[in-house]
There are 2 protein chains.
Amino acid sequence: MEQELVDWLKKRLPSHPALRLGIGDDAAVVDLGGSTECVVTVDAVMDGVDFELAKIDPRRAGHKALAVNLSDLAAMAARPVAAVVALVLPRRDGYNLAVKLFEGMLPLAERHNVAIAGGDTNTWDGPLVVSITAIGRPGPRGVWRRDGARPGDDILVTGSFGGSLAGRHLDFEPRVREALVLAERYEIHAAIDVSDGLSLDLSRLAEASGCGAAVAVDQVPIADAAHELARTQSDGRTALDHAVADGEDFELVLAAPPNIADRILAEQPLDISITRIGQFASNRGLWQLAAGGQLMPLSARGYVHRSSGTLAEAP
Amino acid sequence: MEQELVDWLKKRLPSHPALRLGIGDDAAVVDLGGSTECVVTVDAVMDGVDFELAKIDPRRAGHKALAVNLSDLAAMAARPVAAVVALVLPRRDGYNLAVKLFEGMLPLAERHNVAIAGGDTNTWDGPLVVSITAIGRPGPRGVWRRDGARPGDDILVTGSFGGSLAGRHLDFEPRVREALVLAERYEIHAAIDVSDGLSLDLSRLAEASGCGAAVAVDQVPIADAAHELARTQSDGRTALDHAVADGEDFELVLAAPPNIADRILAEQPLDISITRIGQFASNRGLWQLAAGGQLMPLSARGYVHRSSGTLAEAP
């Protein structure tokens, strides 16, 4: 949610006894009175913003609409249980579009054992909107939050970054299983999923935790698509620029104590790579670990590394 | 959800051990494990379809967006606990619109003790969409469903019907408290809330229960707004026509055994009226109880009662 509105809501919303974790994290945690808490998240995707329906198989839009929500549950180490789907369909051929959207969601839902529990279908003259709410339950050790990182914790990431808009953003597999494996086996202090860019989401995690983050940029795992973009586009952005700033990677960023991080890195318990890219620091803000251990500011919106050694914000 | 899509989904969706009640009722019931069940419903409202944003205070749109969801929980006799809000905002003045929408939701949320737990904010070039998911918990006797009415049960309704589009549809109070009082004190077999029209939603309840419904149309409580519409419009529709077919009343229709219905009617336990309008019957379909106890077909889409005594479907 947009930061300005989040700030307004945090001031305006009354406290509520059932709310264990409210606005500002990847998902909310609600106490329904039984012995289990409910982890809930909502995300809407729209034609013309999150995809171009005229150019893609609508099944990919359906997949993405559910996947972004499951990614939010993964960022909380919550086990997904169910999802409800609100569709706002264009009038023309709405039924067939709806069927294709669900056909895109269902294999993903089945892989992660998510029940499509209900929905709401509407038709209008505007473009497609798909709003999905995913519901999960915390694992036995509770949820991961954004605000638990401590100075000295290592920064770990799953997978690789950059160039997602070339196609991966429509087909990515949310890191649900990976999160559950990590949460079960290791002490993780904080987590976030990368929707808006590695540097931006890392800075949000650090900010929520009241600390800073220092990134060894040469350690950031770069996706093939980022190399491809750097090679084929003439805007001067390097593959690393793409990896740090592109967004929609939907990988996990984790804070773990160094001894735990060492174990994770040695054991590599996932089917995908897990990499250390830096450390949380007591200096607030986002930093780049330069040669010799020096800290230099790193923009949370992406950066351009010039040969002079100065850093400038990317457009 | 549109019936054709519901039918497709019911065939296509795999069963799921956590799903206690899936697509087709007013809300879903999900087992989160550890004795916790979650009642969940989603509804989206759109500018130009559910309201005309240019003509109303946006707070009323915010109120309606939450109220339609709480009405679905009321139809299940579920106690609302939390809601998450996805906003798709027009680019121009989006922040101020969002604030007003929340200002419209918050008093309603506070009256019913609902936590606004989270959300998602998006901006685009299209019109406003507000998609809200409301989460509740079942009462001690479980939820009301649509499929529990039995032939011989009385048909009870809260409040009065018709003419909602003259304004009440934006400002109605969902029957949350009324549902909780009734569920706690009385044995209710089935329930639905009236979103699409008394006759249509009653026929849905009857159909889901595998029985018919016979309405004593002269017993249907008619809202003042329906009388006003009949008086001021020249389309020939009576106040009763409006009451039976208009929709967006968001009152409750209930099935109760006759002895229980007698008690409810005698005790009138609510701050609003509760009225008996007929009886469920073994003959499937929707019927009008004519003088002498004769059953005549009643259209589920509204009707025009002609002086000849024939019934024709309203346009």
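**Strands and salt bridges**

Mentor: Please bear in mind that this model is predicted. Let us begin with a hairpin: five residues lie between β2(A) and β3(A), and A:G33 takes a positive phi near 95° there.

Trainee: In which sense do β2(A) and β3(A) pair, and over how many bridges?

Mentor: Strand β2 (residues 28-31) of chain A pairs with β3(A) in the antiparallel sense, over four bridges. Within this pairing, A:V29 has A:V39 as its bridge partner.

Trainee: With which other strand does β3(A) pair?

Mentor: Strand β6 (residues 129-138) of chain A also pairs with β3(A), in the antiparallel sense and over eight bridges. Here A:V40 stands opposite A:I135.

Trainee: How many of the 10 residues of β3(A) are buried?

Mentor: Nine are buried, so a strand spanning residues 37-46 is mostly covered, where buried means under 20% relative accessible area.

Trainee: How should I read salt bridges?

Mentor: Side chains of opposite charge can pair when their charged atoms come close. The structure holds 44 salt bridges over all chains. One of them joins A:R168 to A:D249, with the closest N and O atoms 3.0 Å apart. This pair links distant parts of the chain, 81 residues apart: A:R168 is in helix α4 of chain A, and A:D249 in the loop between α8 and β10.

Trainee: Is A:D249 buried or exposed?

Mentor: A:D249 is buried, at a relative accessible area of 2%, whereas A:R168 is partly exposed, at 26%.

Trainee: Which residues are linked with A:R20 in a network of salt bridges?

Mentor: A:D31 and A:E37 are linked with A:R20 in that network.

Conventions:
Residues are numbered from 1 along each chain as its sequence is written. Chains are lettered from A and ligands numbered from 1 in the order in which they are written. This is a predicted model: local features need pLDDT of at least 70, side-chain atom pairs count only at pLDDT 80 or more; totals for chains, interfaces and linings use all residues. Side-chain values use heavy atoms; hydrogens and water are left out. Buried means under 20% relative accessible area, exposed over 50%, partly exposed in between (1.4 Å probe, protein chains only). Helices (H or I, at least four residues) and strands (E, at least two) are DSSP runs, numbered from the N terminus. Two strands pair if DSSP finds at least two bridges between them. A salt bridge is a side-chain nitrogen of Lys or Arg within 4 Å of a carboxyl oxygen of Asp or Glu.
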